[in-house]
Amino acid sequence: MSDEQTRVQEFFTARAADWDSRFPDDGPAYAAAVAELGLRTGDRVLDAGCGTGRALPPLRAAVGASGVVLGVDLTPAMLREAVRAGRDHDGQLLLTDVAALPLRSRSLDAVFGAGLISHLGNPAENLRELARVVRPGGVLALFHPIGRAALAARHGRPLTPEDLRAEPNLRPLLAGSGWRLTSYVDEDSRFLALAVREG
């Protein structure tokens with residue numbers, strides 16, 4: 001395991017047990033972001049870096065019983081919390097890194113990534129891996145239940161121009177990884193960038 005993977009695991013392992021109780025009001029924001037993916041009954045969707053699985057119930061509701069919902073995360077403790085919360089009933093959970101997904105190319109219709117991009121070891125390479133598993137025309141949602149400025153304030157740091165989620169940085173990063181940014185919202189109440197798989 002790389003140093004970055006170890007750092008991510010340590011960060012989330014220490015926070016897993018009380019993760020959901022720290023953010024008890026995020027459910028509606030997750031549901032609204034999932035709705036913007038435009039999923040249809042029977043679609044196949046991945047929650048990349050699913051954590052405790054808070055997006056799995058709205059993803060399952062969007063694709064129905066005939067759809068496929070996968071949740072992948074690098075941290076065993078987060079997946080245990082997802083199971084404890086019963087969210088494994090809404091999707092299949094896999095312990096794996098988004099850098100090397102055990103999925104066939106072009107096998108998915110969409111990817112949902114909540115709070116994902118700031119924890120990617122190699123964002124360009126990792127976004128290319130997500131593009132690999134999504135069919136052309138499929139959708140990627142990069143989401144956070146609060147905007148960049150609010151998140152920076154929560155962590156007691158300034159908002160910097162180097163932030164990967166800033167639109168001038170994110171647009172070319174996505175374009176170089178097989179995605180075309182189609183929608184960008186950065187408000188105090190949420191961050192949501194939608195992109196379409198090129199090719």
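Predicted model: local features only at pLDDT ≥ 70, side-chain atom pairs only at ≥ 80, totals over all residues.

Student: Fine. What does UniProt place at residues 46-141?
Tutor: The unreviewed entry gives "domain: Methyltransferase type" for that stretch. Over residues 46-141 the chain is 28% helix and 29% strand. The end C-alpha atoms of the stretch are 10 Å apart.

Student: Now the sheet. In what order do the strands come?
Tutor: The order is S3-S2-S1-S4-S5-S7-S6. That makes 7 strands in an open sheet with mixed pairing.

Student: Which strands stand at the edges?
Tutor: S3 (92-95) and S6 (179-187). Each has a single partner strand, so one side of each is left without a neighbour in the sheet. The twist averages 15° from one strand to the next.

Student: What packs on the sheet?
Tutor: Helix H4, residues 56-63, is one of the helices that do. H4 touches S1 (44-48), S2 (68-73), S3 and S4 (108-114). The direction of H4 makes about 155° with that of S2. Helix H6, residues 123-132, packs on the sheet too. H6 touches S1, S4, S5 (134-144), S6 and S7. Its direction makes about 130° with that of S5.

Student: Let's do S7. How many of its residues are buried?
Tutor: 8 of its 8 residues, so to speak of cover by the under-20% cut-off, S7 is mostly covered.

Student: Which residues sit on which side?
Tutor: Arg190, Leu192, Leu194 and Val196 are on one side. Phe191, Ala193, Ala195 and Arg197 are on the other. Both faces are covered.

Student: Which residue of S7 is the bridge partner of Leu140?
Tutor: Ala195. Ala195 is also the bridge partner of Leu181. Elsewhere in S7, Leu192 stands opposite Val185.

Student: Switch to the other end. Why call S2 largely enclosed?
Tutor: Because 5 of its 6 residues are buried. S1 and S2 run parallel, joined by 5 bridges. Val45 has Val69 in S2 as its bridge partner. The chain gets from S1 to S2 through H4, and this β-α-β crossover is right-handed.

Student: What about S2 and S3?
Tutor: They pair in the parallel sense over 4 bridges. Asp73 has Leu95 in S3 as a bridge partner. S2, helix H5 (residues 76-84) and S3 form a right-handed β-α-β unit.

Student: Cores next. How many residues are in the largest nonpolar one?
Tutor: 28. Leu46, Leu130, Leu140, Leu174 and Trp179 have the most contacts inside it. S1, S2, S4, H6, S5, helix H8 (167-175), S6 and S7 each supply at least two of its residues.

Student: What is Leu130 in contact with, beyond four places in sequence?
Tutor: Leu46, Ala48, Val98, Leu101, Val111, Leu116, Leu140 and Trp179. Apart from this core lies another, of 23 residues, including Ala55, Val69, Leu79 and Leu192. As a rule, nonpolar side chains tend to be buried together in soluble globular proteins.

Student: Back to Val45. Buried or exposed?
Tutor: Buried, at 0% relative accessibility. Val45 lies in S1. Beyond four places in sequence, its contacts are Leu39, Leu59, Val63, Val68, Val69, Leu70, Leu108, Ala110 and Val111. Val45 and Leu59 are 14 residues apart in sequence and 7.5 Å apart in space, C-alpha to C-alpha.

Student: Last one: Gln9. Buried or exposed?
Tutor: Buried. Its relative accessible area is 19%, and the cut-off is under 20%. Gln9 lies in helix H1, residues 3-15. Not counting residues up to four places away in sequence, Gln9 touches Met1, Leu74, Thr75 and Pro76.

Notes. Residues numbered from 1 in each chain as written. Heavy atoms only, no water. UniProt positions renumbered as here; feature names shortened; annotations may be inferred. Pairing = 2+ DSSP bridges. Axes fitted to C-alpha atoms, helices over the stretch in contact; angles between N-to-C directions. Contact = heavy atoms within 4.5 Å. Buried < 20%, exposed > 50% of the residue type's maximum accessible area, 1.4 Å probe, protein only. Right-handed = clockwise from strand over helix to strand, strands pointing away. Core = buried A, V, L, I, M, F, W, Y, C linked by side-chain atoms within 4.5 Å.
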